[in-house]
Amino acid sequence: MTGVPLDQLKETPGARPGETREVRIKRLGMRSMRRGIKEMDIILHRYATDRLAAMTDDELDLYEALLGENDQDLYQWVSGQQEPPEHLSDLIQHIIGHTAMR
């Protein structure tokens, strides 16, 4: 994966048995827009729509791990109210940059 110990993650990311890359990207896209907090639905859905298809499998694993995080925490990280965990910091910065460009 990305060198992040699995015990630091809320869930174990990865393709489901028999899941194609295309189906995985669709699944992650749906998870991105059905978060619970409308702001995170919008931010992550736009990011997923623009970026998931170009991600490597390792990047998809990290993104899936991010989706396992609590919405309130994600919003605070993306809005700069709190520092994200180190293993998600680069991805959060990429999402912030993507959001700023829209």
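**Buried charges and a helix pair**

Colleague: Are Glu-64 and Arg-24 buried or exposed?

Modeller: This is a predicted model, where local features need pLDDT of at least 70, side-chain atom pairs count only at pLDDT 80 or more, and totals for chains, interfaces and linings use all residues. Residues are numbered from 1 along each chain as its sequence is written, and side-chain values use heavy atoms, leaving out hydrogens and water. Buried is under 20% relative accessible area, exposed over 50%, and partly exposed in between (1.4 Å probe, protein chains only). For Glu-64, and for Arg-24 too, the word is buried.

Colleague: What is the N to O distance between Asp-61 and Arg-24?

Modeller: Asp-61 is in helix 3 and Arg-24 in helix 1 (residues 21-33), 37 residues apart. Asp-61 counts as buried because its relative accessible area is 13%. The salt bridge between the two side chains spans 2.7 Å.

Colleague: Why is Gly-68 called partly exposed?

Modeller: First, find Gly-68 in the loop between helix 3 (57-67) and helix 4 (71-78). It gets that label because its relative accessible area is 22%.

Note on methods: Helices (H or I, at least four residues) and strands (E, at least two) are DSSP runs, numbered from the N terminus. A salt bridge is a side-chain nitrogen of Lys or Arg within 4 Å of a carboxyl oxygen of Asp or Glu.
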